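Hello,

My notes on what turned up follow below it.

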Amino acid sequence: MSSSVLFLGTGGARFVVARQLRASGGMWMRFGATQIHVDPGPGALVRALSHVPPCNPRELDAIVLSHKHLDHSSDVNVIIEAMTSGGFRRRGAVLAPSDAFDFEPVVLPYARQFVERIECLQPNSGPYMIGEVELTTSSQHVHAVQTYGLHFAHAGLRVAYLPCARYSDDLAADYAARRPDVLILNVLRHRDEALVDHLTWPLACRVVAEVRPKVAVFGHFGTKMLEADPPRLAQALEDELGVRAIAAYDGLELDLETLVAAAA
Ligand SMILES: [Zn+2]
Ligand SMILES: [Zn+2]
């Protein structure tokens with residue numbers, strides 16, 4: 001069986017999310033028979049159910065949060081209830097940094113009882129097994145809350161997700177060392193003079209140049225990034241580096257094996 005990622009949202013930053021200029025439902029990943037919902041932000045359940053064909057939360061094996069910011073976690077309790085048939089069928093897993101469970105928790109205590117397994121993600125750790133998938137975490141990103149990159153491995157395919165983070169050469173080297181086939185990066189900002197805890201487009205390009213995945217996919221766009229035309233930027237990067245580069249849009253579904261094979 002093949003692997004795929006479906007973008008239930010490609011918006012980031014408060015303004016884009018608040019106005020839903022792009023949706024914010026996170027990613028629905030399939031690795032063989034294993035299904036994982038990553039970063040279910042505002043509208044995640046609605047986007048999952050209204051996709052054609054619909055994603056079925058009762059088939060989910062796990063929900064994974066890269067970090068607890070609202071645009072990545074607001075629907076986590078809703079998806080837990082949907083995954084567990086309203087709490088009547090105890091199943092599935094929730095994996096998230098520990099501050100999603102203890103300090104100002106976003107995963108509500110009542111909902112935790114509905115799932116079979118709760119896992120506090122630690123930096124540079126794993127593999128955490130989710131069905132047939134091995135998940136390992138990156139080192140802790142520089143971001144306002146505990147944030148980890150997520151590395152998924154299944155049947156020889158390696159998929160890395162770089163969520164929100166301040167750029168550093170260590171960050172790029174950390175992802176390069178994992179040699180992902182597919183690298184999904186959140187690029188909130190187009191350009192910025194001030195140092196912020198998010199990647200800008202030039203810094204995202206620097207990460208891709210360092211990691212050199214077979215396929216780079218960009219999402220989680222802020223207003224200025226959207227105005228800068230992500231598909232045009234991705235094409236320019238692809239021409240420059242020779243790395244397949246894709247700007248995600250809401251509802252985009254990527255067949256990962258096919259993409260990686262075509263890029264090889
Ligand atoms: Zn975010
Ligand atoms: Zn964040």
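**Backbone, metal site and helix packing**

Arg-212 sits in the loop between H7 and E12; helices (H or I, at least four residues) and strands (E, at least two) are DSSP runs, numbered from the N terminus. This is a predicted model: local features need pLDDT of at least 70, side-chain atom pairs count only at pLDDT 80 or more, and totals for chains, interfaces and linings use all residues. Residues are numbered from 1 along each chain as its sequence is written, chains are lettered from A and ligands numbered from 1 in the order in which they are written, and side-chain values use heavy atoms, with hydrogens and water left out.

Arg-212 has a positive phi, near 50 degrees, in a residue other than glycine. Arg-212 is partly exposed, with a relative accessible area of 45%. (Buried means under 20% relative accessible area, exposed over 50%, partly exposed in between; 1.4 Å probe, protein chains only.) Asp-39 also has a positive phi, near 55 degrees. Asp-39 lies in the loop between strand E3 (34–38) and H2, and is buried at 3%.

Two cis peptide bonds to check. One runs from Val-52 to Pro-53, with omega near -5 degrees. Pro-53 is in the loop between helix H2 (44–50) and strand E4 (62–64). Another joins Gly-126 and Pro-127, with omega about 5 degrees. Pro-127 is in the loop between strands E6 (117–121) and E7 (128–130). For context, most residues other than glycine have a negative phi, and most peptide bonds are trans.

Now the metal. Which residues coordinate the zinc ion (ligand 1)? Asp-71 (OD), His-72 (NE2) and His-220 (NE2) do, at 2.2 to 2.4 Å. Donors are N, O and S atoms within 2.8 Å of the metal (3.2 Å for Na, K and Ca); water is not among the atoms, so sites may look incomplete. Asp-71 lies in helix H3 (residues 70–73) and His-220 in the loop between strand E12 (215–219) and helix H8 (223–227), so the pair ties together parts 149 residues apart in sequence. Asp-71 is buried at 18%, and His-220 is buried at 9%. The zinc ion (ligand 2) is 3.8 Å from the zinc ion (ligand 1).

Last, the helices. H6 (residues 169–177) and H7 (residues 201–211) pack at about 40 degrees, axes 8 Å apart. Axes are lines fitted to C-alpha atoms, for helices over the stretch in contact, and angles run from 0 to 180 degrees between N-to-C directions.

Regards
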